[in-house]
Amino acid sequence: MTGADDPARPAVGPQSFRDAMAQLASPVTVVTVLDAAGRRQAFTAGSVVSVSLDPPLVMVGIALTSSCHTAMAAAAEFCVSILGEDQRAVAKRCATHGADRFAGGEFAAWDGTGVPYLPDAKVVLRCRTTDVVRAGDHDLVLGTPVEIRTGDPAKPPLLWYRRDFHTPTPTTPALA
């Protein structure tokens, strides 16, 4: 039996998979939560997707090794702030191990819950956690949006592509 035929052995290695996934552009988000002691936690996430329209569900992937993992996996609710191009600095800070992720003063507390969020984001989803599913070296946190705030729809999005931040360039429609 070859390695490719052995179901217990992955067909590709982690680095090959990481290199392949670098070709997949994804929106940059900052996910925020309060831990059990009420302390603010934040991390930059590229693994955020809509899962279902009926009922509305969003999924956030978080590494088991993340400093925010314990808080995120146990939280009753969380916020997903979808970033615009002008929010690279906060995205970088929230992705940096050991950084004070709230040092820039950009965050606000959601009324009635205290969960931090970025009021200048393109979109913010306040979600109630509905499930946490183990998937390899990550947990997938499913949440139902209970409130949505939208920012400037004309603000260009911030994307993660080829291991760096990018902003798409609008194209002009071809003349007929």
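**Entry 1**

I began with Arg134, which is exposed at a relative accessible area of 54%. For this notebook, buried means under 20% relative accessible area, exposed means over 50%, and partly exposed lies in between, with a 1.4 Å probe and protein chains only. The model is predicted: local features need pLDDT of at least 70, side-chain atom pairs count only at pLDDT 80 or more, and totals for chains, interfaces and linings use all residues. Residues are numbered from 1 along each chain as its sequence is written, and side-chain values use heavy atoms, with hydrogens and water left out.

I then looked up the partner of Arg134 and found a salt bridge to the side chain of Asp139, at 2.6 Å from N to O. The term stands for a side-chain nitrogen of Lys or Arg within 4 Å of a carboxyl oxygen of Asp or Glu. Asp139 is buried, at 3% relative accessibility. By this rule I noted a count of 6 salt bridges. Side chains of opposite charge can pair when their charged atoms come close.

**Entry 2: Glu147 and Arg126**

I looked up Glu147 next and found a salt bridge with Arg126, whose closest N and O atoms are 2.8 Å apart. This pair links distant parts of the chain, with Glu147 in strand β10 and Arg126 in strand β9 (residues 123–135), 21 residues apart. Strands (E, at least two residues) and helices (H or I, at least four) are DSSP runs, numbered from the N terminus. Glu147 is partly exposed, with a relative accessible area of 30%, whereas Arg126 is buried at 12%. I also recorded Glu77, which is linked with Arg126 and Glu147 in a network of salt bridges.

**Entry 3: Asp35**

Where is Asp35 found? I located Asp35 in the loop between β2 (29–34) and β3 (40–45). Asp35 is buried, with a relative accessible area of 12%. Its side chain meets that of Arg39 in a salt bridge of 2.9 Å, N to O, and Arg39 is exposed at 52%. The backbone nitrogen of Arg39 also lies 2.8 Å from a polar atom of the Asp35 side chain.

The side chain of Asp35 makes a polar contact with the side chain of Gln41 at 3.5 Å. A polar contact is a pair of N or O atoms within 3.5 Å; within protein, one must be able to donate a hydrogen and the other to accept it, and residues adjacent in sequence count only if both atoms are side-chain atoms. Leaving aside neighbours within four places in sequence, I found Asp35 in contact (heavy atoms within 4.5 Å) with Gln41 and Ala71.

**Entry 4: Strand β5**

I turned to strand β5 (residues 56–63), in which 6 of the 8 residues are buried. Strands β4 (residues 48–53) and β5 run antiparallel and are joined by 5 bridges; two strands pair if DSSP finds at least two bridges between them. A hairpin connects β4 to β5 through 2 residues, and Ser52 stands opposite Leu57 in β5. I found that β5 also runs antiparallel to β10 (residues 138–150), with 6 bridges. There, Ala63 stands opposite His138 in β10.

**Entry 5: Helix α3**

Which residues of α3 (residues 88–95) are buried? I noted Val90, Ala91, Arg93 and Cys94 as buried. These residues cover an arc of only 165 degrees around the axis, which puts them on the same side of α3; the arc is that of the directions from the helix axis to the C-beta atoms. The face of α3 turned away from its buried side carries the exposed residues Ala89 and Ala95.
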